[in-house]
Amino acid sequence: MQSKGTAVCGAAKRLNRRGVLVGAAAVAALSVLGGGLLGSQSARAAVGPDQQADVVRHLLAAAAREAIAILTKSEGFWNSSVARVGLPAIFKSQPSLSETQKSALMYEQNRLAEEAVREAAPRAHAPIAKLEVPDTDEILGGSFTAATSYLRAQIGMGLIEAMTPILLEILKKHDDSYTVKVVNSLPEVTVAQAAAAMAVEADNAIWYEVGVQEASLRRDPEPSGDPLLISAFGDA
């Protein structure tokens, strides 16, 4: 039977063949989606001023819901063109690790991120429901990821702080994982440090995906089935 380490290394070789550059892919995807997503005066006028903050909240809730659905699928992060979790610097900088080992770590950490998001997902919508939106015109009439950028600025380190203990518990639970084995071989790296570094990379990936989903909803709100979003962006 194939060992976990062998399976991870085999999957990692596919990374080298694909050669995906996550940051570049995110920019490309958003550029493709960008047409017609800046929000028009007619679209903003379709809802009353007292509804515009709700539009932002509905937009963010729908984008986050869709992003979570995508990322928590099997290999959801790994197969995403914009949200593949990058390898933390504490592993990248290790001269003792080969590129194959680093690729294997990156693959496994993308799978572990799925597990973390599944656990964190039930708490993901609370900050959106309570979000204060003082300048709705700037968001609704702004760039196609303006709401995501605003939410990320408001949350700050919140997602990283929420994900770190979850990832730490996951690593402790999977103490036979390739990541833990590598950490145990590196005297200057602890499991807690690895979890914190993985949370930072997962945070970036999640926000990329939420942004892409926001852009998609602005362009075509119909699939959301949300009358408020359809009214706000149907003419955009």
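This is a predicted model: local features need pLDDT of at least 70, side-chain atom pairs count only at pLDDT 80 or more; totals for chains, interfaces and linings use all residues.
Helix H11 has 16 residues, which at 1.5 Å a residue should span 22 Å, and its end C-alpha atoms are 23 Å apart, so the two values agree. The expected span is 1.5 Å times one less than the number of residues in the helix. Residue numbers start from 1 along each chain as its sequence is written, and side-chain values rest on heavy atoms, without hydrogens and water.

The protein chain contains 14 helices and zero strands; helices are DSSP runs of H or I with at least four residues, strands are runs of E with at least two, and both are numbered from the N terminus. Read from that terminus, the order of elements is therefore α-α-α-α-α-α-α-α-α-α-α-α-α-α. The chain has 236 residues, and 48% of them count as buried (under 20% relative accessible area with a 1.4 Å probe and protein chains only; exposed is over 50%, and partly exposed lies in between). Among contacts in the protein chain with a separation of 6 or more, 82% join residues 24 or more positions apart, a contact being heavy atoms within 4.5 Å.

H11 covers residues 158-173. Its buried residues are Ile 160, Met 163, Thr 164, Ile 166, Leu 167, Ile 170 and Leu 171. As background to this list, an α-helix has 3.6 residues a turn, so residues three or four places apart point the same way. The cover over the buried residues of H11 includes H7, H13 and helix H12 (178-185).

With Ala 120, 46 residues away in sequence, the C-alpha to C-alpha separation is 7.8 Å. Ile 166 counts as buried because its relative accessibility is 5%.

Helix H12 holds Thr 179. Thr 179 counts as buried because its relative accessibility is 0%. Beyond the residues up to four places away in sequence, Thr 179 touches Phe 91, Leu 105, Glu 108, Gln 109, Leu 112, Leu 171 and Met 198. Leu 171 in this group is also one of the buried residues of H11.

Another helix to follow is H4, which runs over residues 52-71 and holds Val 55. H4 is mostly covered, with 14 of its 20 residues buried. At 1.5 Å a residue, the 20 residues should span 28 Å, and the end C-alpha atoms are 28 Å apart, so expectation and model agree. Val 55 is buried because its relative accessible area is 0%. Not counting residues up to four places away in sequence, Val 55 touches Val 47, Leu 140, Leu 228, Leu 229, Ala 232 and Phe 233. Between Val 55 and Leu 228 there are 173 residues of sequence separation, but 6.3 Å in space from C-alpha to C-alpha.

The loop between H4 and helix H5 (76-79) contains Glu 75. Although Glu 75 is not a glycine, it has a positive phi of about 60 degrees. Glu 75 counts as buried because its relative accessibility is 18%.

Where is empty space left between these elements? Rolling a probe the size of a water molecule over the atoms shows where empty space is left. The largest pocket has a volume of about 390 Å³. Its lining has 19 residues, of which Arg 123, Ala 124, Pro 127, Ile 155 and Leu 159 are the closest to the pocket centre. Two or more lining residues come from each of H4, helix H7 (99-120), helix H8 (126-129), helix H10 (146-155), H11 and helix H13 (191-219). H11 gives the largest share of the lining, four residues. A pocket here is an open set of points, on a 1 Å grid over the protein atoms alone, where a 1.4 Å probe fits, with protein on both sides within 12 Å along at least five of seven lines; lining residues have an atom within 4 Å of a point. Points are joined across faces, edges and corners, and the volume is the space filled by probe spheres set on them.

H13 also holds Arg 219. Arg 219 is partly exposed because its relative accessible area is 47%. The C-alpha atoms of Arg 219 and Phe 144 are separated by 8.5 Å, although the two residues are 75 residues apart along the chain.
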